[in-house]
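Hi,

Here is the structure I promised to pass on. Have a look, and my notes follow below.

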Amino acid sequence: MKRLLTACCLLLPGILLGPFSVASAGQTSPEEPLRAPLVKNRAPLSPSAFYLLPLTSIKPKGWLRQQLQIQADGLSGHIDEFWPDLSSNSGWLGGKGESWERGPYFTDGLVPLAYSLGDPKLIAKANKWVEWTLTHQRPDGSIGPEKNTDWWPNMVMLKALIQYQEATSDPRVIPLMERYFRYHAAHLTERPLKSWAKFRWADEVLSILWLYNRDCDQSLLELARALQSQGHDWKGEFASFPFTAKTTQKQLGLGPGADTEVAMSAHGVNIGMALKTSGQWLLISQDESDRKAVYQQLEKLDEFHKLPNGMFSCDEHLAGTDPSQGSELCTVVETQFSLEQLIGILGDPALGDRLEKIAFNALPGTFSADMWAHQYDQQPNQVLCDLQQRAWSTNGPEANIYGLEPNYGCCTANMHQGWPKFAASLWMATPEDGLAAVAYAPSEVSTVVKKGVHVGILEETSYPFDGMIRLAVSPASPVKFPLQLRIPAWAEGTIILVNGSKQKEIRAGSFYTIERRWNRGDEVVIQFPMQVRVSPWIDDSVVVERGPLVFSLKIGEQWSKITKGMGSPAAPPAADWAVAPTTPWNYGLLLNKSNPAKSIEVIQKSVGRYPFSPDGAPVELRVKGRRIPEWQLVKGSAGPLPASPNPSREKEETLTLIPYGSAKLRITVFPTLQH
Ligand SMILES: [Zn+2]
């Protein structure tokens, strides 16, 4: 591949020369590695609406830091000590063991977890994987275990290396990527993308564009175009979307003589990953139809497969809108990552609403509170987790138990990226060298704004459990820059105070921009309205929401270890768990007809150590309901939703609802009752 450097790096504004230390950006620890500078898109790429900040620019605080610490104390921080596929025998550490996607998956989540927490032990663990890849590139430019001939796992490792480079400025990463992409370009024709790589090509384009913005090598864009021409046409698939109901094995061509291309195109993880495809391609194509394609994809998924936890159904293939269908954990974390990338490219606040809904509901809802066990598939109406075969599209009987590697070990390797990448995406840079809050959680951002002035913003809040957010702005010297605050679509009536002065014309579903000269000690207070919302759902059912949180019936949980019947039983210290209900679940809600939210009382508690546990739920709702006797288990799941409004005359009871993520057994989609 001919190397063609142009002068674009010299001509375009936006690059900050040289790495700067975290300490010089207002942080306290001079021992931390040198963070790489922010880099913006270079011509001919179109500019992005926002830019993700280099890893370590955002430190989690408060409950979010505690959540990352729970993760580090759970499987993420320990799985390499006992799970064979991530042991020192991994091909990605020079061993003879697993040599495909699991090492890269783990590294892709461990790097941001370790560096966001600044935990030296975890950083050493993450660096071990990064270091092996950096020191074992072959002379032809290929990377990873020699026996791997699939392009796909390399795409994941490149994403991990990017994050590592941004956190450390390690000068070896960019040359490795340059050599690797020259290698890929040289072998494009003889080894075209196939199987997973064909459907996940945008993940490599992401790394190609990252590198292009740093070295301006035009041949990288040729490689991106070649990958697009070999890759699956996601835009075309969703333009004439064939999967308008729960997929069947027959439709997917599964079984003998399977047409796996159809199955791949209805595969949940592929689709979650593909959500970013048209957005990324828009940067190259500058074709407005690619922007529209992003929304067409989201709209089709909403129309035919939407679930109330922010996800679409995929157990393992698209599965319709019944709340007893599942969503795979890999799809949850990949959809989050896609949305984080899309918010950067498109700057659409609605994408932030979607991201928060998944991160605050679907993500915690599918882990045990201590993050030592996870599910493969979670259900919005999940009333029993055991080894019965459920009505999944294609998954097996283990898919909804909590364990080490239920159903299949992809999620076991890939789940680690969910929380840390969310934490690293809360704040983004704006093209005018300002800052945008695209999602909210306790954090501290430290970066450079206009005129190269370092600024830190401390965000103190219990959001999403409470609507009050305080931002303490601390520029190194007084500086004018725009601060853009996402106002969620549900947040009609938001109040914003700047140093006590009330701001005007704040619109829900937009970014509110405060452009002023900021001084140390300036304070912005955001007060989101946290009224309960009762949202209409399928078959005249309802879903109860408050802010970005979805609420579920609190069901008594009996956790028991599964000792028999697992294909790959958990090795200690991990365990597999069945969860059985100890209290009834088959309730309908008794709601005030003209103002349903009026029927619901809010009980606010403090945020404790495990907010995503039934007893640690920081918010509880109380609402009246009655049991609906004919609503019973079918194949281990809550059966089809009873008709609403339901005529049940069972005795009236006061029900407790808790955040979806706190409830490991739950009813989320409720029938309503006749008065
Ligand atoms: Zn998975």
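To start you off: which residue in S15 does Leu485 stand opposite? That residue is Tyr512.

Before the rest, some housekeeping. This is a predicted model, where local features need pLDDT of at least 70, side-chain atom pairs count only at pLDDT 80 or more, and totals for chains, interfaces and linings use all residues. Numbering runs from 1 along each chain as its sequence is written, and side-chain values use heavy atoms, with hydrogens and water left out.

**Sheets.** Strands here are DSSP runs of E of at least two residues, helices are runs of H or I of at least four, and both are numbered from the N terminus. Two strands pair if DSSP finds at least two bridges between them. S15 belongs to an open sheet of five strands, S3-S7-S8-S12-S15, with mixed pairing. Strand S3 (51–52) and strand S15 (510–518) are its edges, each pairing on one side only. S15 runs antiparallel to strand S12 (residues 479–487), joined by nine bridges.

There is also an open sheet of seven strands, antiparallel, in the order S4-S9-S10-S11-S16-S13-S14. Strand S4 (58–60) and strand S14 (501–502) each have a single partner strand, so one side of each has no neighbour in the sheet. Within this sheet, S9 (residues 443–448) and S10 (residues 454–461) pair over six antiparallel bridges; Thr447 has Val455 in S10 as its bridge partner.

The largest pocket holds about 550 Å³ of space. Of its 28 lining residues, Asp302, Lys306, Asp353, Arg354 and Lys357 are the closest to its centre. H18 gives the largest share of the lining, six residues. The lining divides into 15 nonpolar, four polar and nine charged residues. (Nonpolar is Ala, Val, Leu, Ile, Met, Phe, Trp, Tyr, Cys and Pro; charged is Asp, Glu, Lys and Arg; the others, Gly among them, are polar.) For the method: on a 1 Å grid over the protein atoms alone, a pocket is an open set of points where a 1.4 Å probe fits, with protein on both sides within 12 Å along at least five of seven lines, and lining residues have an atom within 4 Å of a point. Points join across faces, edges and corners, and the volume is the space filled by probe spheres set on them.

**Cysteines.** The whole structure has zero disulfides (cysteine sulfur pairs within 2.5 Å). For Cys385, the nearest cysteine sulfur, that of Cys411, is 14 Å away. Cys385 is buried at 0% relative accessible area, where buried means under 20% with a 1.4 Å probe, protein chains only.

Cheers

How values were computed
Buried < 20%, exposed > 50% of the residue type's maximum accessible area, 1.4 Å probe, protein only.
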